[in-house]
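Please look through the following model with its sequence at hand.

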Amino acid sequence: MKLFYSLLFVCTAALYAQVDGSVYSTYKSPFAEQEMIAPDQFQDAVIRAARAKKTMNDISISQNHRDFARAAYFYYSGQWDSAYAAYNSLRHREPELMGTVVLRMAKANFKQEKFAKMRETLRLEKSLENDRAWRDAADRLRIEATMADYSLNDVARADSLMVYLNGNPDGDDVDPLKYRYARYLEDSYQLKQAKRMYMKLLTSRTSYKDSAYASVRRLREVLGAPESLAEKVAYAKMACTKDEMKSCLELLDSIQILDAQQVQKNPASAVVLDDPAYARLKKSTLDLNTRITLWEKRAAALRSLNRNADAIEQYRFLIENVDPRPSWIQAILKLYRKEAAGLFDEEIHSYDSLLQDVSQFSNENANNLWLRGFEFEQKLMYDKAIECYKKLIHKRFKSNLRRQWARFRIGYCYFKRGMWVEASAYFRDATKDPFLWSGSASRMFLGDTYMKMGEDSLARAAYLDCIKDFPLSYYAHRSRTKLLDNRLLPSDKIPYAHGVPMSHAATIDWIRSVNKLGKPDASYSKERYERIKKLFLYGFEEEAFRLYEEIKKKNFKRMDFLYEYGKLFYEMGETAAGYRLARQFQAKMDRRLFMSPPLDVLHYLFPVPYADPVVYYSGTSIDPFFVYSVMRQESIFDFQITSPAGACGLLQIMPATGKMLADKEEISDFNPKRLYNAYMNIRLGIRYLVDLKDEYKNDYMYVLCNYNAGPKPTRRWQSESEGLPWDLRVEDISYWETRDYVKRVMGNYWIYKEIYDNSDVGSRN
């Protein structure tokens with residue numbers, strides 16, 4: 001990893017021209033061209049092209065490798081004629097790769113829209129037609145060419161696609177073809193047929209549901225034709241999960257009216273409900289589950305629009321007429337508590353009691369007890385908070401996360417009151433459950449409690465126990481800091497997570513010694529590994545991943561397998577695939593073993609991809625390791641990922657925030673889709689982090705709070721915690737997700753700082 005630091009030194013010394021602490025306005029970015037590349041082309045045009053170029057210029061490897069890499073470089077960099085010629089010269093070089101080479105040649109034709117030539121290329125080797133897998137791939141390419149051929153009209157393309165889909169109704173990756181088929185129908189003004197196809201996608205398990213929803217919404221406006229009740233219901237189930245709640249309520253009203261009209265017109269169409277408990281419900285043609293779903297969506301829509309009184313009435317209707325479900329009771333309790341304090345104490349008490357009666361040990365009640373306890377804490381009503389947390393300790397809550405943290409929280413309440421004996425008792429008790437994060441917190445705070453009591457030796461033991469329990473955790477680093485700051489150990493005796501330098505062979509031996517799964521399956525062999533690596537170096541990623549997936553089925557439980565292939569994916573620039581394996585690897589490892597693992601294992605778990613833009617845009621304004629810490633938590637290094645809330649890419653930037661940042665960066669004609677370009681996302685994400693760092697006076701805690709939860713709650717937490725030490729401030733963040741997020745990112749950051757030596761780049765901000 002010295003390369004990373006050499007790059008960091010070169011970038012900070014030579015690439016920057018600092019003006020008022022910013023690099024943004026002085027020089028054009030050296031990554032400007034890559035940032036303009038369409039996201040769906042980024043991996044090929046930037047990452048894979050760079051790998052191919054490096055391989056083709058590497059005189060230490062065979063000429064054969066270099067020849068294939070040269071052809072791949074032409075292909076990835078869009079030099080289609082050169083790619084075709086280079087692959088054509090390699091067509092018979094390795095017979096087992098002939099089909100792959102011919103497909104790559106045909107794809108080069110396709111990229112140039114030479115569709116007739118593409119079809120000729122696919123006929124170059126007649127023997128390939130005997131290979132079913134190759135024939136399927138060739139047929140898929142042919143239908144893609146038909147769809148891209150604008151010499152054909154929409155009707156002809158739709159007809160061809162229909163024939164293909166009829167022959168491959170359940171084939172791999174047919175959903176995008178179904179969506180395109182619907183688009184062709186729409187473009188050829190077969191609107192009703194198009195809408196039906198979109199509706200099928202809307203009600204299926206597919207990633208195209210959002211696109212189908214947008215299309216149905218558009219066609220509903222265009223057609224203006226009456227819809228069936230079933231169509232309205234299917235559309236409502238999707239529409240009412242979006243941020244268009246006024247439209248959702250209008251749609252639900254229209255469903256209610258249409259349903260009532262159908263019952264009135266034909267009373268026999270009403271669904272008969274045998275359970276007398278539902279006798280008070282109005283008659284309906286919809287089954288009960290559908291009606292309940294729509295009622296829930298109405299309540300959620302009202303709540304989203306801050307029509308709290310109406311939302312309360314809707315939840316009361318559900319609770320009183322359907323079932324006192326814990327989730328509905330919890331929702332109504334949150335709404336009552338959101339209203340003016342003290343006005344609804346009677347209602348809150350009533351529904352609290354109901355929740356205890358109907359589901360005392362449900363997840364909903366666990367959450368309710370937790371929220372009540374936290375609210376009491378914030379009001380400094382510690383006895384009432386402890387009372388809530390003590391109820392939550394009950395073993396019938398089982399492995400609920402709130403229960404896991406309840407003992408810690410009781411100890412923490414006593415700690416804040418200065419009741420050290422009581423605090424230490426609960427912190428000790430909370431350490432008894434093995435391998436829980438709440439246990440790590442309790443170990444560290446137990447050390448803090450002993451320090452308050454003047455018990456230095458007990459504090460030292462508690463801090464060391466915390467580090468040993470999970471050496472890579474947030475609390476382990478805080479414990480290391482306290483050992484140093486309180487002079488409980490000399491700095492050279494503090495067990496930092498530096499890792500042990502080992503050879504690759506020694507690292508594999510260490511992994512196998514702790515995994516103990518015996519002899520590997522025959523498919524996990526050096527020959528198969530080298531074959532997959534060669535396919536990557538040749539530029540045939542699809543084939544490499546396909547071969548990997550075949551052997552993964554028999555080896556996914558092996559940590560040595562996960563490590564070797566994850567490292568290979570990193571080496572080949574397939575970062576997201578590599579880190580997925582790293583996460584599986586870490587989940588299988590006894591976390592106590594991370595006290596002194598091989599250094600390369602730690603680097604595997606905490607990688608530093610996209611070093612050039614990360615270092616460049618960080619400059620001296622922010623530590624690049626902090627950027628990596630956010631990236632690791634936000635996106636697991638997948639630049640194509642989208643959050644449920646709509647945040648995009650490596651640093652999970654919301655489209656509106658992206659537009660604001662692009663304006664600051666003077667990027668014209670910004671399209672939010674560009675947030676899926678890894679380099680653009682890094683540029684804007686770092687700009688955002690730097691701006692927040694300036695706003696919060698270099699306090700990373702509130703930088704992260706704002707990044708995760710926004711400015712309003714962050715200002716409140718900052719105000720309420722002013723003057724408190726770090727550990728109390730973070731534990732008093734009232735949002736569970738944000739509190740967890742801050743600790744995880746800071747834990748990442750401190751581990752990055754421990755396992756990488758940055759002494760050769762000077763101090764960082």
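## The chain as a whole

The radius of gyration is taken here over C-alpha atoms, and the globule rule used for comparison is 2.2 Å times the number of residues to the power 0.38. For a compact globule of 765 residues that rule gives a radius of gyration near 27 Å, and the 30 Å of the protein chain agrees with it. This is a predicted model, in which local features need pLDDT of at least 70 and side-chain atom pairs count only at pLDDT 80 or more, whereas totals for chains, interfaces and linings use all residues. Residues are numbered from 1 along each chain as its sequence is written, and side-chain values use heavy atoms, with hydrogens and water left out.

The protein chain holds 39 helices and 0 strands, where helices (H or I, at least four residues) and strands (E, at least two) are DSSP runs numbered from the N terminus. Along its principal axes, the C-alpha trace spans about 85 × 80 × 60 Å. Of the 765 residues, 53% count as buried; buried means under 20% relative accessible area, exposed means over 50%, and partly exposed lies in between, with a 1.4 Å probe and protein chains only. Among the contacts (heavy atoms within 4.5 Å) with a separation of 6 or more, 61% are between residues 24 or more positions apart. The accessible surface of the protein chain comes to about 36600 Å², of which 49% belongs to carbon and sulfur atoms; accessible areas come from the Shrake-Rupley method with a 1.4 Å probe, and for residues only the protein chains shown count as cover.

## Helix 4 and its surroundings

Helix 4 covers residues 63-76, and its 14 residues reach 20 Å from the first C-alpha to the last, close to the 20 Å expected at 1.5 Å a residue; the expected span is 1.5 Å times one less than the number of residues. Because 11 of the 14 residues of helix 4 are buried, the helix is largely enclosed by the rest of the structure. Its buried residues include N64, H65 and D67 as well as F68, F74, Y75 and Y76.

The partners against which the buried residues of helix 4 pack are helix 3 (39-56), helix 5 (80-89), helix 6 (98-111), helix 27 (526-538) and helix 28 (541-555). Just after helix 4, G78 takes a positive phi of about 80°.

## Two buried loop residues with polar contacts

R91 is found in the loop between helix 5 and helix 6, and at 14% relative accessibility R91 counts as buried. Its side chain makes polar contacts with the side chains of N88, at 2.9 Å, and of E125, at 2.6 Å. A polar contact is a pair of N or O atoms within 3.5 Å; within protein, one must be able to donate a hydrogen and the other to accept it, and residues adjacent in sequence count only if both atoms are side-chain atoms. Leaving aside neighbours within four places in sequence, R91 is in contact with M98, V101, V102, M105, L124 and E125.

T285 lies in the loop between helix 14 (245-265) and helix 15 (288-304) and is buried, with a relative accessible area of 18%. The side chains of T285 and D259 are joined by a polar contact of 2.6 Å. With neighbours within four places in sequence left aside, the contacts of T285 include L229, D259, Q262 and V263.

## Exposed loops and positive phi

D669 has its place in the loop between helix 34 (655-664) and helix 35 (678-695), and at 73% relative accessibility D669 counts as exposed. D669 and K659 are 10 residues apart in sequence and 9.5 Å apart in space, C-alpha to C-alpha.

Most residues other than glycine have a negative phi. R487, in the loop between helix 25 (474-485) and helix 26 (504-515), has a positive phi of about 55° although it is not a glycine, and R487 is exposed, with a relative accessible area of 77%. N698, in the loop between helix 35 and helix 36 (700-709), likewise is not a glycine and has a positive phi of about 70°.

## Cysteines

A disulfide is counted as a pair of cysteine sulfur atoms within 2.5 Å, and by this rule the count comes to 1 disulfide. C240 and C248 form it, with their sulfur atoms 2.0 Å apart; the link is right-handed, with 100° about the S-S bond. Both C240 and C248 are buried.

C413 is in no disulfide, and the nearest cysteine sulfur, that of C388, is 9.8 Å away. C413 is buried, with a relative accessible area of 0%, and C648 is buried as well, with a relative accessible area of 4%.
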